[in-house]
Amino acid sequence: MIWALIALPTLCGLSAFFIRSDVWRRTLLVGTASVHFALVVCAWFLALPLTSAAGWLALDAASLLVLSISSGLFLAASLYAIGYLKDFQRAPIRDYLEGFEFSNRPERIFIGCLLLFLAAMTGVAVSIHLGLLWVAVEATTLASAPLIYYHRHHRSLEAAWKYLLICSVGIALALLGNFFMSVAVSAGADREINLLTSELIKHARQLSPAWLKASFLLMLVGYGTKMGLAPMHTWLPDAHSESPSLVSALLSGALLNCAFLAIARMHGILDAAGMGDFSRQMLLLFGLISMVWAAMLMISQTDYKRLLAYSSVEHMGVMAVGMGVGATSSVMLHAVNHSLAKASLFLVAGNILAAFRSKSIQDVEGIFRFLPLSGILWIAGFLAITGIPPFGLFISELLILKAALAAGRWLAAVGYLVALGIAFAAIAWGFMQMAFGQKAQSRLQAPVEESFRSVAVPLVLIGGVLVLGVWIPDPLWRFFIAAAEALTGGGF
Amino acid sequence: MRSMCDIFIIILILLNFRLLGSSRIEACIKAVVWQALALGALAFFTTLYPGVWTMATVGLTIVVKAGLLPALLRRAMRESEASRELEPLVGYTTSILIGACLLALSFLATRSLRVPLDHDLPMLVPATLFTILTGLFLIIARKKAITQVVGFITMENGIYLFGVAFAVREPWMVQTGVLLDVFAAVFVMGIMIYRIQREFDHIDTDRLSDLKD
């Protein structure tokens with residue numbers, strides 16, 4: 001089962017490089033995404049945790065959660081991709097910002113890398129051996145860098161280079177963290193322990209505390225780079241704003257959660273070793289820095305895709321704060337909510353970008369007049385991402401705030417609220433201008449026809465956030481709690 | 001045995017200074033090759049678990065780090081027509097001075113760390129840390145994309161040495177995976193250097209500065 005989840009996208013991704021026909025390749029993309037998603041859905045009905053490869057790969061509740069988000073978003077993105085690829089096939093394309101002409105990278109590389117990216121994310125979700133986890137996280141970087149450089153021009157190249165270099169260096173630190181963990185084992189424990197998270201949690205008390213702390217810090221910085229925690233987030237706005245919208249949706253909705261899972265597993269080990277307070281403090285610190293930093297930068301944004309990217313940094317901060325105040329199951333809910341809402345927003349942003357041919361908030365005015373359906377989705381996405389009821393993010397943000405107050409972290413709670421408030425104002429300012437602005441001279445004259453696919457996919461995603469805000473079924477709550485417990489070793 | 005290891009460690013440290021002080025990219029690549037060979041030798045002598053598998057992975061690592069990666073770098077260098085780092089952000093003399101400070105820092109920082117060691121090589125931990133810091137410094141202080149990749153490889157070398165010397169038994173599957181990832185990373189970076197050259201007519205990364213707030 002686990003092997004199939006990894007092998008399927010890997011093999012299909014590799015074969016996509018050699019398929020010449022456009023139609024077959026796109027069918028392969030959607031087909032693989034659907035089968036992968038179906039397999040993940042099947043896994044929901046199996047008894048967890050599943051293990052294979054001598055326990056190195058395992059599907060516990062936390063993996064399944066991240067895997068479901070990744071796979072679901074991938075299916076949505078691949079459906080969206082069909083229309084996107086059809087529209088952008090014409091080469092050369094005129095750059096809207098500087099007027100030069102560019103072409104896209106060959107579609108087979110794009111689709112091949114997309115599928116390999118899915119395989120790598122699956123790998124992250126199911127690896128519970130720290131070494132394998134590292135290998136998989138680095139693989140996600142390598143598979144997604146060519147995706148960012150899909151439009152062949154200098155800005156996307158710059159973004160891809162920054163992404164590759166910053167994330168590779170960051171993750172190299174996480175590798176050092178892995179080795180520190182090994183030393184923590186050999187310095188403290190009287191017997192050989194594998195670097196399996198389940199084993200480490202079981203014998204956590206024997207690990208050498210100093211090395212364990214150092215290891216956690218290195219991994220927090222390393223995987224935090226990938227997750228987009230400030231101040232290591234610098235690659236994120238560039239990559240998210242320059243890559244094609246469906247890639248932004250995947251990076252923001254799926255990839256960041258994968259990196260978060262790695263950090264959360266480390267936190268579980270420290271918690272079991274009795275150093276949970278230390279790791280919680282660190283998470284809280286980085287979370288608050290990310291939230292405040294992102295909120296400040298959101299105020300001055302003139303580019304709506306960058307605005308969305310900073311909002312991702314902010315929400316990763318919310319998740320880190322949530323872990324820091326011990327509200328793990330609410331964080332799981334927040335991860336789902338944020339992924340759905342952000343992916344939906346990025347896909348709608350893709351529609352807007354395609355119609356208005358500009359990423360500047362100034363240039364896009366009156367979405368309602370020209371793209372009525374996308375306009376509605378844009379406003380719905382705005383309400384969702386800023387945590388307005390009845391959308392799901394309201395609930396998860398409120399639960400995290402409640403946990404912060406219950407834990408007596410008054411100062412953190414104040415910072416959390418202030419950052420959320422600033423972010424709300426910044427997003428509201430930009431989005432309202434875009435949706436309702438009445439500029440005399442608009443770039444568009446008549447309403448643009450919106451294809452069914454480009455609207456339906458984000459609609460389903462945002463609908464999911466709405467449902468989670470109104471009603472969370474009992475089994476789902478139990479599942480979130482199970483996921484939170486799996487991180488601290490309850491699953492094994 | 002011990003004196004031999006010490007010699008290799010000193011070679012490693014000197015190579016780091018060579019990397020810091022040389023403007024010719026070819027020389028940097030050569031330094032990386034020698035560094036990989038020194039690493040391999042150290043790994044060979046210091047590993048706590050000698051055995052067929054360990055030897056095989058060490059051999060594979062040497063092949064990749066001293067053979068494949070430099071070949072990729074040379075190709076990128078030829079394609080980008082860059083042979084020298086002309087105007088680094090930090091000059092070469094300053095770089096060497098900073099290197100000396102980093103070395104001192106590495107010794108100071110590792111003094112308090114208790115490494116569970118069966119072999120006693122007091123210089124090994126500072127040397128690995130120094131190599132990692134040298135790599136990081138090169139990434140920050142050099143402009144050419146290719147020199148930054150050299151810095152990345154140096155950093156990986158330092159981490160690898162730490163891993164082999166202390167990190168007990170990493171299973172071969174993980175080791176091969178790590179190696180494969182590093183190889184793929186340098187491969188993709190090489191392609192990108194080529195693209196940057198095509199797009200900008202140079203590979204100075206400080207001029208990749210369109211994207212900012």
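Helix 8 of chain A, covering residues 209-227, holds 19 residues and reaches 25 Å from its first C-alpha to its last, which is close to the 27 Å expected at 1.5 Å a residue; the expected span is 1.5 Å times one less than the number of residues. Helices here are DSSP runs (H or I, at least four residues), as strands are (E, at least two), numbered from the N terminus. Just after helix 8 of chain A, A:G228 takes a positive phi of about 90°.

This is a predicted model, in which local features need pLDDT of at least 70 and side-chain atom pairs count only at pLDDT 80 or more, whereas totals for chains, interfaces and linings use all residues. Residues are numbered from 1 along each chain as its sequence is written, and chains are lettered from A and ligands numbered from 1 in the order in which they are written.

| Helix of chain A | Residues | Span | Expected span |
|---|---|---|---|
| Helix 4 | 107-126 (20 residues) | 29 Å | 28 Å |
| Helix 8 | 209-227 (19 residues) | 25 Å | 27 Å |

Helix 4 of chain A is mostly covered, with 17 of its 20 residues buried (20 or more other C-beta atoms within 10 Å of a residue's own; exposed means 12 or fewer, partly exposed in between, with C-beta atoms placed from the backbone). The axes of helix 3 (residues 61-87) and helix 4 of chain A come within 9 Å and cross at roughly 170°, the axes being lines fitted to C-alpha atoms over the stretch in contact and the angles running from 0 to 180 degrees between N-to-C directions. The two helices are therefore roughly antiparallel to each other (over 145 degrees; under 35 is roughly parallel, 65 to 115 roughly perpendicular and the rest oblique). Among the residues making this contact are A:F74 and A:L85 of helix 3 and A:L118 and A:M121 of helix 4, contact meaning C-beta atoms, placed from the backbone, within 7 Å.

Chain B has 7 helices and 0 strands. Its C-alpha trace spans about 50 × 35 × 35 Å along its principal axes, and buried residues make up 46% of its 213 residues. Of the contacts in chain B with a separation of 6 or more, 78% join residues 24 or more positions apart.

Between the chains, the contact takes 33 residues from chain B and 29 residues from chain A. On the side of chain B that touches chain A, helix 7 of chain B gives the most, with 13 residues.

Key
Two residues are in contact if their C-beta atoms, placed from the backbone, lie within 7 Å.
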